[in-house]
Amino acid sequence: MLSHLKRTNVFFGIIVIIFIVIVIRLAYIQVYQHNKYRQQQIAQAYLKVETEPETGMLLDRNGEILAISRLVDSVYVVPKDLYNRLDEIKKLSQVLKIDSGELCAKIISAVEKNKLFIWVKRKIDDNTAQKIKDLNISGVGFRKEYKRFYPRNTMASHLLGYRGIDNQPLDGMELYADKYLKGEPGLEYWHRDGRRRLFTAGLPEKPARNGDNVYLTIDVMIQHIVEKHLLELYKKWKPSSAQVLAVHPTTGEILAMAQLPSFNPTEYQSYPPEIRRNHIFTSAYEPGSTFKPFIVTSALKSDAFNMDSKLFCENGKYKIGRRTISDHKPYGWLKFPEVVVHSSNIGMSKIGAGTPKEAMYSMIKRFGFASRTASGIPAEHPGLMTTLNKWTHYTVASVCMGYEISVNSLQLVLAYSAFANGGYLVEPQMIKEVVDRNNNSAYKMTTTKLNNPVISGQLLAQMNSILRDVVTSGTGTAANLKSFTVAGKTGTARKLNPDGRYSTQKYRSLFVGYAPVESPEILVLVFVDEPKGAYFASLVAAPTAGEIIDDTLKYLLRQDRSGQIARSK
């Protein structure tokens, strides 16, 4: 009897121990491993999907919208639900204007690979989305995605850039400012049932953080002025391309940037890469006579010449070794400033021969040439210049005329800004301010200058006087204005043929100018590649620069309540 009782107690004891072990194990699983098994259950029953944040807006300095994102429909299908339903596939294909055979093959492939859904067409317009919804086809679904829109179409397109189908930044400010614009993705879950169909789940989600809004330095009114006059030039001279860059010479702010041919960033895929490319930053060229002021600066700085020096310009023809240098007009004796004012190549070659090449090379580098600016644009062309130890007397003569050296338009504009702003190189500015969704400032522009001026004092005054004379009595008279004082320089450069020789048919025409000379508010570069009918910059580029400067300063004067913009007396 006792033995039987012991066996019974042992049995129940074992049962109790097993029960306790099970309870402890369940408690361990429920309490300590809850998250692990919950995640496994979610992974099996739910699909984790990142939610797209709204990309921030690009705006001009006054808050005018240049780029904005809005939600549109993207169409997907559940492959198993539409498998072998050829009529519905054809109807869907007709509305979306896609090949029904390709869609059918895509669906069959997705079924074989056990895919839950496939995209059919993404980011469609509202009208098309409604037509598909009206078809009421089972297995066809919609998902909201952000699409980028550029409400001003082609305006400032090369500066703004564009975004791809997955909202990835591809070029321009969209890429440059993406760290502010992109925001942070969120998280949501879709429920997956036994038939692997997807439904919105009610699980907690991590909301996306929308991107910040970026205010650019450009002004849409100045941009409109620039594009209006550039288009008039383009129609008149029919060049292969043309560009304008307008900056504030003291702050380095880019006020407007335009390039023709242009493109619509919303439909960027419809344009070839060469048209979409921002040549203002990424292309370099020989600047011709617009480079002469920097050589003259080095000649005066090194005391090789002074303002009273005179040079004999050989009546239009001059041989250096085997090379013959020509002027556009025959000149005899010219005073030193007149060599620049009348853009004498012969006079410049003699200035170069009389100036230490080390002084020239150093001054060119100090003005920022042959190295990238501080723009931060990854694809910016640094420009090219032969290293000093390889300079020959031919190199000296060529560089003095703006050949055997290449620059990009941004470099040239910033270098001229030093003449206009008191002698300082400034960093280019493209972002005025960044504001988050709570209207807090995340970034504000500050003007950065080099510690030491490139040019100052009497030398600076002399260069401003020379550049002013170019416009009042030299090759730049077409840019002269009644209302404002303008200083600047023309440049006409031959282009290289594929055989390495300079063309006698293809030219570049340039003008760089700033105003008012007393206190400059704008500096403008006009660049025209291969104009037809005429090629001298005095005829092609200078008039457009003058018109842009005049209209812009009149616009700024209307905005300037204190009346601080200087008019001509």
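**Strands, a buried threonine and a surface patch**

Modeller: In this predicted model, strands β11 (residues 241-247) and β12 pair in the antiparallel sense, over 6 bridges.

Colleague: What makes β11 and β12 a pair?

Modeller: Pairing takes at least two bridges. β11 and β12 have 6, so they count as paired. In one of these strands, β12, Leu-260 is the bridge partner of Ala-242.

Colleague: Is β12 mostly covered or mostly uncovered?

Modeller: Mostly covered: 7 of its 7 residues, 254-260, are buried.

Colleague: Why is Thr-355 called buried?

Modeller: Its relative accessible area is 6%. Buried means under 20%, so Thr-355 qualifies. Thr-355 lies in the loop between α15 (345-354) and α16 (357-366). Beyond its neighbours within four places in sequence, its contacts include Ser-298, Phe-305 and Met-360.

Colleague: How do you know that the side chain of Thr-355 has a polar contact with Ile-351?

Modeller: A polar atom of that side chain lies 2.7 Å from the backbone oxygen of Ile-351.

Colleague: Why does Ile-24 count as exposed?

Modeller: Ile-24 has 52% relative accessibility. Exposed means over 50%, so Ile-24 passes. This residue is in helix α1 (residues 2-32).

Colleague: Which residues form a nonpolar patch on the surface?

Modeller: Val-16, Phe-19, Ile-20, Val-23 and Ile-24. Together they have about 460 Å² of accessible area.

Terms used
Residues numbered from 1 in each chain as written. Predicted model: local features only at pLDDT ≥ 70, side-chain atom pairs only at ≥ 80, totals over all residues. Heavy atoms only, no water. Buried < 20%, exposed > 50% of the residue type's maximum accessible area, 1.4 Å probe, protein only. Helix = DSSP H or I, 4+ residues; strand = E, 2+ residues; numbered from the N terminus. Polar contact = N/O pair within 3.5 Å; in protein donor to acceptor, adjacent residues only side chain to side chain. Contact = heavy atoms within 4.5 Å. Patch = residues over 30% accessible without salt bridge, like charges linked within 9 Å, V, L, I, M, F, W, Y side chains within 5 Å. Areas by Shrake-Rupley, 256 points an atom, 1.4 Å probe, with all protein chains shown as cover. Salt bridge = Lys/Arg side-chain N within 4 Å of Asp/Glu carboxyl O.
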